[in-house]
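Okay, thanks for having me, everyone. Let me put the structure up and then talk you through what's inside it.

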Amino acid sequence: MINSKLITYNQSEHGISTDEISPSARAIITKLLDHNYQAYIVGGAVRDLLLGIHPKDFDIATNATPDEIKAIFNRDCRIIGRRFRLAHVYHNREMYEVATFRGIDATSERVIKRGHIIKDNVFGNIDQDAMRRDFTCNALYFDIENANILDYCDGVDDIRGQKLKFIGDDSQRIIEDPIRMIRAIRFQVKLGMKISTSMKQAIFEQHHTLANVSLARLFDELVKLFHCGNAFGAYGLMNEMLLFQHIFPQACLEINNDSQYIKFVHNALKSTDSRIEASQSVTPIFLFACFLWPLAVIKTNKFLTKGMPQYDATNKAANEIFELSRKNLTIPKIVQIGIRNIWLLQFRFTKIRSKKVFFTLEHQRFRAAYDFLLLRKHESSEMQSLGDWWTHIQTLTKTKQRELIFQKKHKNKR
Ligand code: ATP
Ligand code: MG
């Protein structure tokens, strides 16, 4: 651990106005201050404001314990978490995370196994709290009373220099909580904060420690990463540092075996980035269906050669893939159902000469499956025509759609 050395920046030095902070967050802090506790805006929000980005949420840090916070906010407060107890405080129907300063003493409230933090409920003071945070740029505290930024780890300098640095030793901080490797990649690709060569090396060496994190938490972090607006950049770094290989070992082999699939995955990532740029909705179902698709094709073909019908073969391939993936990642059931439907719809898309077309068009996952189909257009001229056919039919009225389907049938009969 490095020693903390407080630097205070006043408003003329940091340039952030208190008005940029959500009024509800300010109201919660004011109430804590009125009860003689310390309370600050902390972490990502301060970092983002310094970078000129509108923060997506405002987290609060205080010396009040979760029970003390509960006593102040009563019914507007819920205590959550076991590994890391903190308070959710509601104000104007918005939820704010209020976390008690973490300390550094090793007691029964912090459980560490092989260097990995299992439980962390040791409370402490602000400078200890700063040391417990992940990166220097995330250990900044905004004091709304004086509009000062309190910087214990040279975070402001690192933000100005766009340097992403762990607080303390790279490897140790990764082993304590390996999810920080995924967070590091997100902050680099989303905020342009550069990971140093030594941190890159440490991630590369410790990538296998990802096996120690909760697999559900890993899924949530991956969704945040791939929906941060630069999924393409994130994928590149995840590969470079062997993290993608760790999470999807078999799928990764199949992708990298075939330049068509590499292109397919790259296009899927770019399409996700463009949708986010255009403020369109995104779902993890789509990207995960793309990542696992090359494996799905291999497995489906295996069952087809055994004489299984296409629908059953795809379904059985999906079962095997979800079973395999469970070791490295928890893909929620609802996401699995969505992925399976996207794959099954790829087969349904080939049925363009029957009433089934109407069921396909009305399927709940039609949109995502159609976007997926368009990504496959590069596979062959048949796929190109199929994609064009499904694009065209959506532009027609019901009557014209019927004409197209049955005309085609007629033609084929001749
Ligand atoms: P964003 O909100 O854009 O995801 P953030 O930095 O605010 O970024 P949060 O997950 O909201 O991320 O976490 C809030 C703060 O809590 C962080 O800024 C950091 O100080 C601390 N923190 C979060 N996760 C960890 C971790 N795994 N290890 C140490 N500190 C963490
Ligand atoms: Mg945050």
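So, let's start in the middle. The largest nonpolar core has 114 residues, and the members that touch the most others are Ile41, Phe226, Trp343 and Trp390. By nonpolar core I mean a set of buried Ala, Val, Leu, Ile, Met, Phe, Trp, Tyr and Cys residues joined through side-chain atoms within 4.5 Å. And buried means under 20% relative accessible area, exposed is over 50%, and partly exposed is in between, using a 1.4 Å probe and protein chains only. Which helix gives the most to this core? That's H15, residues 284-305, with eleven residues. Helices here are DSSP runs of H or I with at least four residues, strands are runs of E with at least two, and both are numbered from the N terminus.

Leaving out residues up to four places away in sequence, Trp390 touches Arg348, Phe349, Lys351, Ile352, Val357, Thr360, Leu361, Phe366, Tyr370 and Leu373. A contact, for me, is heavy atoms within 4.5 Å. There's also a second, separate core of 13 residues, and among them are Val42, Ala61, Ile126 and Ala139.

Quick housekeeping before I go on. This is a predicted model, so local features need pLDDT of at least 70 and side-chain atom pairs count only at pLDDT 80 or more, while totals for chains, interfaces and linings use all residues. Residues are numbered from 1 along each chain as its sequence is written, chains are lettered from A and ligands numbered from 1 in the order in which they are written, and side-chain values use heavy atoms, with hydrogens and water left out.

Now the overall picture. We've got 21 helices and twelve strands, and the C-alpha trace spans about 85 × 45 × 40 Å along its principal axes. Of the 414 residues, 48% are buried. If you look at contacts between residues at least 6 apart in sequence, 65% of them join residues at least 24 apart. The protein is divided into domain 1 (1-167), domain 2 (169-245) and domain 3 (248-414), with bounds that come from an automatic or database domain assignment. The centres of domain 1 and domain 3 are 44 Å apart, taken over C-alpha atoms.

Next, a helix to zoom in on. In H4, residues 66-73, the buried ones are Pro66, Ile69, Ile72 and Phe73. Why do they line one face of the helix? Seen down the axis of H4, they fall within an arc of 120°, so they sit on one face. That arc is the one made by the directions from the helix axis to the C-beta atoms. As a reminder, an α-helix has 3.6 residues a turn, so residues three or four places apart point the same way. What covers those buried residues includes helix H2 (23-34) and strands E3 (59-62), E4 (77-80), E5 (86-91) and E6 (94-100).

In the loop between E5 and E6 you'll find Arg93, which is exposed at 85% relative accessible area. Arg93 isn't a glycine, yet has a positive phi of about 65°.

Then there's Ala130, in helix H5, residues 126-132. Buried or exposed? Ala130 is buried, at 0% relative accessibility. Beyond four places in sequence, Ala130 touches Ala139, Tyr141, Tyr152, Cys153 and Ile167.

Last stop, the ligand. Around ligand 1 there are 18 residues, and the ones that come nearest are Arg47, Lys56, Asp177, Arg180 and Arg186. Near means a heavy atom of the residue lies within 4 Å. An N or O atom in the Lys56 side chain is 2.8 Å from an oxygen atom of the ligand, and a polar side-chain atom of Arg133 lies 2.9 Å from a ligand oxygen. For Arg180, a side-chain N or O atom is 2.8 Å from a nitrogen atom of ligand 1.

That's my tour, over to you.

Terms used. Polar contact = N/O pair within 3.5 Å; in protein donor to acceptor, adjacent residues only side chain to side chain.
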